[in-house]
Number of protein chains: 2
Amino acid sequence: MSGRTPDAANGEPVLAIICGGGSLPFALADAAVRRGRRVVLFALREWADPQRVAAYPHHWSRIGQFGRFLRIAAEERCCDVAFIGSVVRPSLWQIRPDFGAIRLMPEMVRLFRGGDDHLQAGIGRMFERHGFRLLGAKDIAPELLMPPGPLGARMPGEQDRADIARGLALLDATSPFDVGQAVVVANNHVLALEGPEGTDQMLARVAELRRNKRVNTPAGTGVLIKAAKLGQDQRIDLPVIGPPTVEAVSAAGLAGIAVVAGSTIVAEPERIAAAADGAKIFVVGVGANEPVR
Amino acid sequence: MSGRTPDAANGEPVLAIICGGGSLPFALADAAVRRGRRVVLFALREWADPQRVAAYPHHWSRIGQFGRFLRIAAEERCCDVAFIGSVVRPSLWQIRPDFGAIRLMPEMVRLFRGGDDHLQAGIGRMFERHGFRLLGAKDIAPELLMPPGPLGARMPGEQDRADIARGLALLDATSPFDVGQAVVVANNHVLALEGPEGTDQMLARVAELRRNKRVNTPAGTGVLIKAAKLGQDQRIDLPVIGPPTVEAVSAAGLAGIAVVAGSTIVAEPERIAAAADGAKIFVVGVGANEPVR
């Protein structure tokens with residue numbers, strides 16, 4: 001690898017990046033390379049962007065090819081592994097396990113009987129039992145995380161801050177049930193809780209509730225609040241925002257976005273700030289357990 | 001009135017029924033008449049069914065005509081009042097208060113800054129301050145409430161019972177936030193939480209999650225669980241199920257419906273039982289705070 005930094009001298013092990021959709025896997029790979037690490041992408045077919053994958057050492061993979069992963073990871077001398085990028089929870093029946101994975105099937109059947117955290121934590125443990133160190137964005141590239149305070153020019157107002165506090169408290173309450181990581185609150189009124197549909201679909205629902213007059217809070221009120229679940233393995237699944245989140249929040253007629261600083265991955269922060277200012281919405285990093293100021 | 005029962009001799013006061021959409025207002029009116037009460041319907045325009053309203057003493061009304069309500073209720077000697085039937089939460093700006101309501105506007109502005117419970121409890125207090133006794137279906141006609149046990153032939157299985165317990169616990173946790181009264185849980189996995197969109201829209205979302213493969217629990221698994229919110233004024237807003245709920249649950253590919261016995265209004269129980277048996281789903285009344293057996 002060219003462009004090795006002094007970190008490389010520390011002999012940081014090669015990093016296997018299990019790479020889903022979107023731009024985040026490449027942001028993580030670039031951040032690791034900037035620190036002098038060698039990275040190898042295990043690009044998930046149908047999810048990872050082939051054009052961008054081509055710029056990195058990579059192997060195309062399918063979910064379930066655990067035997068193949070173990071073989072290639074040994075050849076590439078990968079000791080660390082990170083999961084990043086969008087993947088819709090697969091069906092157990094969509095997974096075609098290879099020879100190395102087939103004996104893990106009884107365990108996988110159990111993992112699939114529950115929420116996403118349950119599934120992800122179990123997959124994480126599977127890699128760890130085979131000697132890999134599981135790392136998250138926090139460990140590899142903290143600069144990908146949301147900082148405290150606003151990303152653009154706007155700040156939440158008084159009612160917005162009350163809505164943010166209510167949303168964070170609600171996410172705390174639902175957290176033990178391994179359900180969504182996002183809610184919409186407008187003038188103290190909970191407009192939506194995220195389920196498996198994801199944040200963008202939930203925001204489309206809020207836009208529809210407004211169109212159908214099922215919800216009558218005026219445009220420009222309400223906040224999308226996202227927070228990692230308590231006890232969630234933050235190495236595997238942190239909440240994410242990106243420029244499309246800003247677009248969807250603007251289309252839903254909300255005032256802004258609040259996420260937990262230090263526990264939310266931000267894709268393309270400069271583009272988010274510009275989009276937020278253009279749409280006149282705020283994007284703010286807040287503390288999970290402190291009053292919103 | 002013909003058909004007076006001995007109750008009438010007790011001089012039960014005339015009952016004003018503020019009457020939204022669906023068949024429930026008429027079931028409630030019939031039950032009150034069977035007990036020898038005189039009823040007067042205040043039929044909400046755009047919600048109440050004009051053909052069915054015509055069969056009862058009635059006055060057409062709009063939300064916000066509180067002055068007119070007070071005048072007619074005095075003429076009709078109504079002392080008790082009940083709210084029943086579907087009404088979508090109105091916008092404060094859609095309400096055209098009459099002269100009697102206009103001085104209540106500062107209070108109404110406050111009521112509209114919150115969830116449905118907050119709004120409904122405030123409206124209830126407004127009637128009570130004017131000397132009316134606010135009654136619910138429980139007080140007037142307990143036979144409209146869900147009994148314990150199944151309505152049709154089917155019973156929940158072991159996994160269904162676990163899903164019901166999880167759903168009830170989740171509804172308990174979200175209850176203080178004045179959010180929806182329903183969730184869908186399948187194989188321990190929370191598929192949806194109800195917001196202002198209502199139960200039918202939430203079930204349509206579950207059906208779509210299945211079509212889009214965002215959710216992969218097999219057809220015939222999962223339960224719709226409904227429960228009144230803790231601290232909710234059960235005189236004003238109890239959860240309701242009717243034959244359309246069975247249809248929507250069947251279309252979403254779920255195994256059944258669980259509601260809290262004694263705290264859920266059942267529209268047309270015989271039709272529900274027949275529809276449930278036809279669709280091969282269960283409909284069961286459970287205890288709110290006891291293990292599901």
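Visitor: Where is A:W47 placed in chain A?
Guide: A:W47 sits in the loop between β2 (39–44) and α2 (50–53) of chain A, where helices (H or I, at least four residues) and strands (E, at least two) are DSSP runs numbered from the N terminus. This is a predicted model, in which local features need pLDDT of at least 70, side-chain atom pairs count only at pLDDT 80 or more, and totals for chains, interfaces and linings use all residues. Residues are numbered from 1 along each chain as its sequence is written, chains are lettered from A and ligands numbered from 1 in the order in which they are written, and side-chain values use heavy atoms, with hydrogens and water left out.

Visitor: Is A:W47 buried or exposed, or in between?
Guide: A:W47 is partly exposed because its relative accessible area is 33%, and buried means under 20%, exposed over 50%, and partly exposed in between (1.4 Å probe, protein chains only).

Visitor: New topic: which residues line the largest cavity?
Guide: The lining includes A:L193 as well as B:L171, B:T174 and B:V183, while α8 (158–174) and β7 (182–186) of chain B each supply at least two of the lining residues. A cavity is a set of points on a 1 Å grid over the protein atoms alone where a 1.4 Å probe fits but cannot get out, and lining residues have an atom within 4 Å of a point.

Visitor: And where is B:I265?
Guide: B:I265 lies in strand β12 (residues 265–266) of chain B, and B:I265 counts as buried because its relative accessibility is 6%. The C-alpha atoms of B:I265 and B:D160 are separated by 22 Å, and these residues are 105 residues apart along the chain.

Definitions and conventions: 1 Å grid on protein atoms, 1.4 Å probe; cavity = no way out; pocket = protein on both sides within 12 Å on 5 of 7 lines; lining within 4 Å.
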